[in-house]
Each structure stands twice: as C-alpha cells, then as structure tokens.
Amino acid sequence: MLALVLNVFFALQQQPTIPEGFVPVTGAPASEQIPAAPLVIASYAFFLLLMVFYLWTIWRRIGKVESEMQALERRQSDKR
Amino acid sequence: MKKIFVPLTILTAGMFVAAPIMIGMADLESTMLLVQKIFYFHFATWMAMTTAIVVCGLASAIYLFKGSKLADWYAVASAEVVVIFGVFGLFSGSLWGRKAWGVWWQWDARVTMATMIVMVFLGYLMVRKYGGPGSEKLAAAMGIFGAATSPFVYKSVDWWRTIHPQTTVMKTLGEKWPGAWLLVLFCSFAFVFLTVLLLAARVRLEQMRSELDHMYLAAED
C-alpha cells in the first residue's frame, strides 16, 4: 500500500506543471513571428510592377490611337 | 507642361531611385521595426491619390457646369490615377496589417472607406467606358461625389475609433527622429510629381482620341 502511494506521488512529481489561465511571455520564439522583410519587399516590388504595367498600358493606348490616325490619313490620301 | 515634362521626369525618376535607398538606410521604428518601412510609400500613395481626387473633383465640376473638354480629359485621367494609387494603397496597407495586426484584411472604418472610394472611381471609369453617349456628365457627377467623400475617408480614423492608426500619428512621427518626417515629405513629393506626370501622359492620350474623333468626322464630311 505504501509502495503504491509512493509510486503515485513520484509519478505526480514527474508530470510537468501546466499553468492555468493566460500566462504572458516576453519575446515570442522566431518560429512564431511573421517575417517583415518579405512584406516590405513585396510592397515595393508591387509598386514597381504596377507602375511599369500602367505606363505600358498608356504607351500601348497612345500607339493604338497613333496607328489609327495614320491609317485614316492613308485612306484619305488614297481617296484623293 | 511640355517645357517642364522632361525635367520633371528626370527629377521624379531620380527621387524614385533615391527613395528606396533612403528608406533602407532610415532608422527602425521601436515598436513595429522593419515593417514600418512600408509606411513611407503607403502614406505617399494616399497623398498622390488625394491630389488626383481633388483634380478629378474640380475638373468634373468645371466640365459639368462649363462644358470644358479639357476639364473632361483631366477628370477621366485623374480618375484612372486615383484607382491605380488606391489599389497600391490598399495592397501596401494589407501587407503592413499582416504584420502589425496579424491579418491580411480588417473591416476597419478607414480601410473600408478607402475601398469604397476606390470603387467609386472604378465606377466612374466603368461609366465612361460602357455608359454610351452622354456618360461623361453622369461620370462627372460621380467624380464630384467621390471628391466630396474623401474628407470623410481622412477623418474616419478619428470619428470611428477602430484599429487603424489615427491622423495624430503624423504629429508624433518626427518627435524622436526628425528624419522620418523629411523622408515622408520626400516620398510624398515624389508621388505627387509622379501623379502630375501620369496625368500629363493620360491627358495627352485623351487629346489624341479627341483629334482622332475630329478626323473621323472630317472624313465623313
């Protein structure tokens, strides 16, 4: 009986104590943190890509109008 | 505009080359650390967007009440620039929020209203593209409405206290390190200059489209 009680006592002693409620910790481990560098790089890269894309659309639209103007001028001069 | 276009392009390009280097070398902010560096372009893009909104609102009003064709070109050009900068503002804010708030998106008062104003100007562009004859006047009314909404977007963080930093953050920015203020100003000027250049290029496109319409009309006669 004493051996059983001692066994249970030592088993309880060895169990890790789980804290109850919210226990704050200072400084989360690196694996738990969201890395900032990819977010910063993504932000500036997206801006660069967006500007290149937008300038390309303006350039393409201007080119389209110019070629339409030239085609119209050619048609007009052929008629004459 | 023709005279200052090339010097302004060179100046703006130089500023956009220098800005990331200056941001990279800038001190880290003590609470947000590296992710705070998104702020410099994030804030500047809203300055550029506000400039374009003001241009769109004024140009729309001039077109609606005076019928000026030039004002209409400026209105449609600036509406497009509003959408471009608005998309970048929302995207960069989302990236910042991922680190600062732990989420990609939050239905915060400022974020929601900024999305709404971008959608108003997106609506403006859709009306212009698919609205058919006479859509210019309807779009102009939308441009005025969008511009009238922008002060509410600005003050939304003070009126409805949600998660987005308040407008007072700007006052405290340079207290510990005045360089932060200078960097914000530098980036804001770079973005405003870029807005001027984009508007000039976009207005030129509208002018050419108008010339093409005249050519077609002349060809029919």
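Where chain A and chain B meet, the contact involves 20 residues of chain A and 24 residues of chain B. On the side of chain A that touches chain B, 16 of the residues are nonpolar, while two are polar and two are charged. The arrangement belongs to a predicted model, and the predictor assigns the complex an ipTM of 0.90 together with a pTM of 0.85.

Chain A itself contains two helices and zero strands, and of its 80 residues 8% are buried. For chain B, the mean pLDDT is 92, with 100% of the residues reaching 70 or more.

Is B:Ala190 buried or exposed? It counts as buried because 24 C-beta neighbours lie inside 10 Å of B:Ala190, where the cut-off for a buried residue is 20 or more.

Which residues does B:Ala190 contact, once its neighbours within four places in sequence are left aside? The contacts of B:Ala190 are then with B:Thr12, B:Met15, B:Phe16, B:Ala19 and B:Ala44. By way of a further reference point along the chain, B:Val103 stands 87 residues from B:Ala190 in sequence, and the C-alpha atoms of B:Val103 and B:Ala190 are 30 Å apart in space.

How values were computed:
Residues are numbered from 1 along each chain as its sequence is written. Chains are lettered from A and ligands numbered from 1 in the order in which they are written. This is a predicted model: local features need pLDDT of at least 70, side-chain atom pairs count only at pLDDT 80 or more; totals for chains, interfaces and linings use all residues. A residue is buried if 20 or more other C-beta atoms lie within 10 Å of its own, exposed if 12 or fewer, and partly exposed in between; C-beta atoms are placed from the backbone. Two residues are in contact if their C-beta atoms, placed from the backbone, lie within 7 Å. Helices (H or I, at least four residues) and strands (E, at least two) are DSSP runs, numbered from the N terminus. Ala, Val, Leu, Ile, Met, Phe, Trp, Tyr, Cys and Pro count as nonpolar, Asp, Glu, Lys and Arg as charged, and the others, Gly among them, as polar. pLDDT is the predictor's confidence in each residue, from 0 to 100.
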